[in-house]
Amino acid sequence: MMAFEQIPKKDWYSILEADPSASVSDLKQKYQKLILMYHPDKQSADVPAGTVEECIQKFIEVDQAWKILGNEETKKEYDLQRHEDDLRNMGPVDARVYLEEMSWNEDDHSFSLSCRCGGKYSVSKDEAEEVTLISCDMCSLVIELLHYR
């Protein structure tokens, strides 16, 4: 499973004050700026204890965000999870479909299924192992992808 699932759901992009479309280089710059700003050694001695605790907590969150978003693999997993969460919030699942019921497209190495609106659900071979929800490319319907065990 994903390394960050144990941690309560947080928006790691907002913690880094970054847009989800930001490059890893931009994320690194944001991280470096924030980690310096909230570093415990950078806090003034005359700051109230509560403020110091807030800075330490923010420092820890910024570090956690970077551990997830600074690594290509965990960033990809986190982005897929965010996408699935967005799909779950759109409404109920229209259907449950086994991957084996979808059509294989050799040209782009993806699986697809026609939607009742005329659009299609599609997922790449790599994504098929990781995602459970797929949205139609033309409407708001969502299917749940199942795997035979």
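Analyst: One cut-off before we start: a residue counts as exposed over 50% relative accessible area, buried under 20%, and partly exposed in between. Also, this is a predicted model.

User: OK. Is Q29 buried or exposed?
Analyst: Q29 has a relative accessible area of 52%, over the 50% cut-off, so it is exposed. Q29 sits in helix α2.

User: How far is Q29 from C136?
Analyst: Their C-alpha atoms are 36 Å apart. Along the chain, 107 residues separate Q29 and C136.

User: Back to α2. Which residues there are buried?
Analyst: L27, Y31, L34, I35 and Y38. Viewed down the axis of α2, they fall within an arc of 100°, so they line one face of the helix.

User: And what does the face turned away from them carry?
Analyst: The exposed residues Q29 and L36.

User: How many residues does α2 have, and what does it span?
Analyst: Helix α2 covers residues 24–38, 15 residues in total. From first C-alpha to last, α2 reaches 21 Å, close to the 21 Å expected.

User: Switching to the core. Which residues have the most contacts in the largest nonpolar one?
Analyst: W12, L16, L27, Y31, V62, L69 and Y78. That core has 19 residues.

User: Which elements give it two or more residues?
Analyst: α1 (12–15), α2 and α3 (49–69). Helix α3 gives the largest share, seven residues.

User: V62 was on your list. Where does it lie, and what is its accessibility?
Analyst: V62 lies in α3. Its relative accessible area is 0%, which is under 20%, so V62 is buried. V62 and K75 are 13 residues apart in sequence and 14 Å apart from C-alpha to C-alpha.

User: K75 is in which helix's buried list?
Analyst: That of α4, where the buried residues are T74, K75, E77, Y78, L80, Q81, E84 and L87. Helix α4 runs over residues 72–90 and has 19 residues. It reaches 27 Å, close to the 27 Å expected at 1.5 Å a residue.

User: What caps the N-terminal end of α4?
Analyst: N71 does. One of its side-chain oxygens lies 2.8 Å from the backbone nitrogen of E73.

User: Now strands. How do β3 and β4 pair?
Analyst: In the antiparallel sense, over five bridges. β3 is residues 110–114, and β4 is residues 120–124. S112 has S122 in β4 as its bridge partner.

User: What about the turn between them?
Analyst: β3 and β4 form a hairpin with five residues between them. In that turn, G118 has a positive phi of about 105°.

User: Which residues are on the covered face of β4?
Analyst: Y121 and V123. K120, S122 and S124 make up the uncovered face.

User: Which non-glycine residues have positive phi?
Analyst: Most residues other than glycine have a negative phi. E17 has a phi of about 55°, and E17 lies in the loop between α1 and α2. At 40% relative accessible area, E17 is partly exposed. Phi of H109 is near 50°. H109 is in the loop between β2 (103–105) and β3 and is partly exposed at 42%.

User: Last one. What does UniProt place at residues 93–148?
Analyst: The unreviewed UniProt entry gives "domain: DPH-type MB" there. In this model that span is 7% helix and 45% strand. Its end C-alpha atoms lie 19 Å apart.

Conventions. Residues numbered from 1 in each chain as written. Predicted model: local features only at pLDDT ≥ 70, side-chain atom pairs only at ≥ 80, totals over all residues. Heavy atoms only, no water. Helix = DSSP H or I, 4+ residues; strand = E, 2+ residues; numbered from the N terminus. Expected span 1.5 Å × (residues − 1). Buried < 20%, exposed > 50% of the residue type's maximum accessible area, 1.4 Å probe, protein only. Polar contact = N/O pair within 3.5 Å; in protein donor to acceptor, adjacent residues only side chain to side chain. Pairing = 2+ DSSP bridges. UniProt positions renumbered as here; feature names shortened; annotations may be inferred. Arc of directions from axis to C-beta. Core = buried A, V, L, I, M, F, W, Y, C linked by side-chain atoms within 4.5 Å.
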